[in-house]
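The exercises below are to be worked with the sequence and the 3D structure in view. Try each task before reading its solution.

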Amino acid sequence: MDGMSEPRARFPKDHEAIVQKFARLLEKVTQCSDELRKSKDGVISPVAYFEVRTSALNLLARTAGESSIYYRELLEMDGVNPGIVTGILTAAMTDFREGFMTDVKLLVSAEVLSDFLTQTEVLLENDYKDAAAVIIRAVLEDGLRRVGVANNLAVSARMGVNDLAKELTKAGILSAVQSKEIDAKREIGNSAAHGRFDEYTKQDVLAFQEFVQRLLATMI
């Protein structure tokens, strides 16, 4: 998508499972620190150290992205230094738990999509329900596609709302209930796009707009 940077993969696991992975890596790097402190020559086994460093890079690439400060700091650090690894992982885990490890490109997307939804409010206030319905449908499709790209799913420009919703549901990003709601609501946008303006009312479009706004607010 234009205006979007490198996609970031995410785990198909819950929030706490990822925090636990951070914690396990911190335990391992603490063991490396203990070994270094007890070493008389300041040398430790490279196997355990580079195992934890490689796992940490993989975790940070998946949760924060390769362009994140956490990943870059760990990748570019010099020498064998368990203390630096501990600091980076601790900062990343804290930010992840507190919700600050947010994808900037999705924040930008949220602002853009919100602007479009604001435009539909103006259209509805002036009884342009058909134009509003078309825009809301486009916002829903674009929003779902952006979420799919950000989660490293196989989405394409040719996929419509239905296909995108199926992919996001299979990945566990959308719930089955949300998917059914999307399937029901998208018919309003489809009718508008095909000129079947008598198949829905202004109230239907208002409900469609509120649904899309609520849905995207939980995902972006």
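What covers the buried residues of H3? The cover includes helix H2 (46-63) and helix H4 (82-97). Exercise 2 takes up this helix step by step.

This is a predicted model, in which local features need pLDDT of at least 70, side-chain atom pairs count only at pLDDT 80 or more, and totals for chains, interfaces and linings use all residues. Residues are numbered from 1 along each chain as its sequence is written, and side-chain values use heavy atoms, with hydrogens and water left out.

**Exercise 1. Overview and confidence**

Task: State which elements the protein has, and where confidence is lowest and highest.

Solution. 
1. Start with the secondary structure: there are nine helices and zero strands. Helices (H or I, at least four residues) and strands (E, at least two) are DSSP runs, numbered from the N terminus.
2. Next comes confidence. pLDDT is the predictor's confidence in each residue, from 0 to 100. The mean for the protein is 82, and 87% of the residues reach 70 or more.
3. By element, helix H5 (residues 104-125) has the lowest confidence, with a mean of 70, while helix H7 (residues 161-170) has the highest, at 92.
4. Over residues 1-13 the pLDDT is below 50, and this stretch has 38 contacts in the model beyond near neighbours in sequence. Contact means heavy atoms within 4.5 Å.
5. Of the 220 residues in the protein, 39% are buried. Buried means under 20% relative accessible area, exposed over 50%, and partly exposed in between (1.4 Å probe, protein chains only).

**Exercise 2. Helix H3 and its partner**

Task: Find which residues of H3 are buried, and describe how H3 lies against H4.

Solution. 
1. In helix H3 (residues 69-76), the buried residues are Tyr70, Tyr71 and Leu74.
2. Seen down the axis of H3, these buried residues fall within an arc of 95°, so they line one face of the helix. The arc is that of the directions from the helix axis to the C-beta atoms.
3. Two packed helices are described by the angle between their axes and the distance between the axes. For H3 and H4, the axes come within 10 Å and cross at roughly 170°.
4. That crossing angle makes H3 roughly antiparallel to H4. Axes are lines fitted to C-alpha atoms, for helices over the stretch in contact, and angles run from 0 to 180 degrees between N-to-C directions. Angles under 35 degrees count as roughly parallel, over 145 as roughly antiparallel, 65 to 115 as roughly perpendicular and the rest as oblique.
5. On the H3 side, the contact is made by Tyr70, Glu73 and Leu74; on the H4 side, by Val85, Ile88, Ala91, Ala92 and Asp95.
6. Sorted by type, the residues of this contact are six nonpolar, no polar and two charged. Ala, Val, Leu, Ile, Met, Phe, Trp, Tyr, Cys and Pro count as nonpolar, Asp, Glu, Lys and Arg as charged, and the others, Gly among them, as polar.

**Exercise 3. Two loop residues**

Task: Aspartate 127 and asparagine 152 are in loops. Is aspartate 127 buried or exposed?

Solution. 
1. Most residues other than glycine have a negative phi.
2. Aspartate 127 has a positive phi near 65°. This residue is in the loop between H5 and helix H6 (129-150), and is exposed, with a relative accessible area of 56%.
3. Asparagine 152 has a positive phi near 60°. Its place is in the loop between H6 and H7, and its relative accessible area of 51% makes it exposed.

**Exercise 4. Isoleucine 188**

Task: Locate isoleucine 188 and list what it touches.

Solution. 
1. Isoleucine 188 is in helix H8 (residues 176-193).
2. Its relative accessibility is 13%, so it counts as buried.
3. Leaving out residues up to four places away in sequence, isoleucine 188 touches Ala133, Tyr200, Asp204, Val205 and Phe208.
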